[in-house]
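User: I would like to go through this model with you, starting with its overall layout and then turning to the details. Could we take it one topic at a time?

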Amino acid sequence: MEPITWTGFWIVFIVCALTMLACRVLPLFLLKGRKLPERVTEALGFIPPAAFAALVANDLLTPGMFDAGFWPAGAPLVAALIVVVVARFTKSLLLSAIAGVAAYALLVMI
C-alpha cells in the first residue's frame, strides 16, 4: 500500500471540510427564522441524551465484560446506577459527576 500524496491528502481534507460545513451550517441557514413544528422540536431534544447514552453504553457494556468475573464488570454498572439516581433527584451535572467518580473509586477499592 502506497502512502498518500499531499495532493490526495488535500483533496480528502477539503471534501471532508465541505461535507462537515454543509451538514452543520446549511441547516442553520435554511431554517433561520422558521418555526419548527412542536413534534420536530421535541424530537430534536432527544438527540443529545441519545448520543450520550450511546457513548456511555459503549463503555459500560462490552462483549467480554464478565470474563474476569462478576465484580470487575459490575462495579462500573453499579456506579452508573448511582449516577442515574443522583442525576434524577438533583438534576445537577456536577453532583452526578462527583457521585459517579466517588462511587466508582469506592467500588474499585472493595
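User: Which domains does the domain assignment of the protein chain give?
Analyst: This is a predicted model. The assignment gives domain 1, covering residues 1–34, and domain 2, covering residues 47–109.

User: How far apart do the C-alpha centres of domain 1 and domain 2 lie?
Analyst: The two C-alpha centres are separated by 35 Å.

User: Let us turn to helix packing. At what angle do helix 5 and helix 6 pack?
Analyst: Helix 5, residues 70–90, packs against helix 6, residues 93–109, at about 155°. Their axes are 8 Å apart. Helix 5 is therefore roughly antiparallel to helix 6, since angles over 145 degrees count as such.

User: Is the crossing left-handed or right-handed?
Analyst: The crossing of helix 5 and helix 6 is right-handed.

User: Which residues make the contact?
Analyst: On helix 5, the residues include Trp71, Ala75, Pro76, Val78, Ile82 and Val86. Helix 6 contributes, among others, Leu95, Ser96, Ala99, Gly100, Tyr104 and Leu107.

User: And how do the residues of that contact divide into nonpolar, polar and charged?
Analyst: There are 14 nonpolar and three polar residues in the contact of helix 5 with helix 6, and no charged ones.

User: Now the loop between helix 5 and helix 6. Which residue lies there?
Analyst: Lys91 is one of the residues in that loop. Its phi is near 55°, a positive value in a residue other than glycine.

User: Is Lys91 buried or exposed?
Analyst: Lys91 counts as exposed, because its relative accessibility is 65% and the cut-off for exposed is over 50%.

User: Moving on, where is Leu61 found?
Analyst: Leu61 sits in the loop that links helix 4, residues 47–60, to helix 5. With a relative accessibility of 52%, Leu61 also counts as exposed.

User: How many residues apart in sequence are Leu61 and Val15, and what is the spacing in space?
Analyst: They are 46 residues apart in sequence, and the C-alpha to C-alpha distance is 35 Å.

User: What separates the C-alpha atoms of Glu2 and Phe70?
Analyst: A distance of 46 Å separates the C-alpha atoms of Glu2 and Phe70, and these residues are 68 residues apart along the chain.

Terms used: Residues numbered from 1 in each chain as written. Predicted model: local features only at pLDDT ≥ 70, side-chain atom pairs only at ≥ 80, totals over all residues. Heavy atoms only, no water. Domains from an automatic or database assignment. Axes fitted to C-alpha atoms, helices over the stretch in contact; angles between N-to-C directions. Helix = DSSP H or I, 4+ residues; strand = E, 2+ residues; numbered from the N terminus. Parallel < 35°, antiparallel > 145°, perpendicular 65-115°, else oblique. Left-handed = near helix turned anticlockwise from the far one by under 90°. Contact = heavy atoms within 4.5 Å. Nonpolar A, V, L, I, M, F, W, Y, C, P; charged D, E, K, R; others polar. Buried < 20%, exposed > 50% of the residue type's maximum accessible area, 1.4 Å probe, protein only.
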